[in-house]
Amino acid sequence: MGRGKVELKRIENPSSRQATFSKRRNGLLKKAYELSILCDAEVALLVFSPSGKAYHFSSHEMDRTIARYRSEVRLNSQSNQGLRTMEIWRTEMEELKRTIETLEAKQKHFAGEDLSMLSMKELQKLERQMRTGVERVRSKKRCILSEHINSMKKKQRTLQEENVHLQKRLHELHEGRRQIMEAQEYRDPALSIHFTG
């Protein structure tokens, strides 16, 4: 005849609770010992009684097993962190791929390619975008041409001013030469030299 199923809840009677603790603690320690022998497992069991007394079993040195456990938990934590980081990067890469595909499709549409899959509404939207883009390009082109024309006009004015200055200088040189020639003729008409120019 088997035992009846025990309801798992705190035992209210202190003496019954202590007796149950002792029996089950001994059974738990025995099972830990058997597991270490039968399966060649490294087992460490640590139990604190309600009064705070410690009971333990260790198939190897307890400190070594605890250190190994801490190392394992830390490695798993780092590994989980690494997996989370990789997952974040993977998600970001997938989003970037989708963005690139969308931009490449838009670029083809602006070039007049792959339009067969677009609806009438999408084609109208594309037409508006292209019209706006063309107007911006023309506006920029007009601005650059205007700046270029202004620059050329400024250069033309500078060259004209320089030309007027050079003509004035040339006139002064001609006038100076003419005066020199007249002075020479006045001093000695027989030795006068006639310049053409």
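## Basis of the model

This is a predicted model, in which local features need pLDDT of at least 70 and side-chain atom pairs count only at pLDDT 80 or more, while totals for chains, interfaces and linings use all residues. Residues are numbered from 1 along each chain as its sequence is written, and side-chain values use heavy atoms, with hydrogens and water left out.

## Helix α1

Helix α1 covers residues 14-39; helices (H or I, at least four residues) and strands (E, at least two) are DSSP runs, numbered from the N terminus. The 26 residues of α1 should span 38 Å at 1.5 Å a residue, and the 37 Å between its end C-alpha atoms agrees with this. The expected span is 1.5 Å times one less than the number of residues.

Buried residues of α1 are Phe21, Arg25, Leu29, Ala32 and Ser36 (buried is under 20% relative accessible area, exposed over 50%, partly exposed in between, with a 1.4 Å probe and protein chains only). Their cover includes β1 (44-48) and β2 (54-58), where contact means heavy atoms within 4.5 Å.

## Nonpolar core

The largest nonpolar core has eight residues: Phe21, Leu29, Ala32, Val43, Leu45, Val47, Tyr55 and Phe57. Elements giving two or more residues to this core are α1, β1 and β2, and α1 supplies the largest share, three residues. A nonpolar core here is a set of buried Ala, Val, Leu, Ile, Met, Phe, Trp, Tyr and Cys residues joined through side-chain atoms within 4.5 Å. In soluble globular proteins, nonpolar side chains tend to be buried together.

Leaving aside residues up to four places away in sequence, Tyr55 touches Phe21, Arg25, Leu45, Leu46, Val47 and Ser49.

Thr65 and Thr91 are both placed in helix α2, which covers residues 62-110. Thr65 counts as buried because its relative accessibility is 11%. With residues up to four places away in sequence not counted, Thr65 touches Glu42, Ala44, Ser58 and His60.

Thr91, at 34% relative accessibility, counts as partly exposed. Its C-alpha atom is separated by 54 Å from that of Glu12, which is 79 residues apart from Thr91 along the chain.

## Lining of the second largest pocket

The second largest pocket is lined by Lys106, His109, Phe110, Leu118, Glu122, Lys125, Leu126 and Gln129. Elements giving two or more residues to this lining are α2 and α3 (120-187), and the largest share, four residues, comes from α3. By class, the lining has three nonpolar, two polar and three charged residues; Ala, Val, Leu, Ile, Met, Phe, Trp, Tyr, Cys and Pro count as nonpolar, Asp, Glu, Lys and Arg as charged, and the others, Gly among them, as polar.

On a 1 Å grid over the protein atoms alone, a pocket is an open set of points where a 1.4 Å probe fits, with protein on both sides within 12 Å along at least five of seven lines; lining residues have an atom within 4 Å of a point.

Asp40 is not a glycine, yet has a positive phi of about 50 degrees. At 70% relative accessibility, Asp40 counts as exposed.

Asp114 is found in the loop between α2 and α3, and its phi is also positive, near 50 degrees, in a residue other than glycine. Asp114 counts as partly exposed, at 48% relative accessibility.
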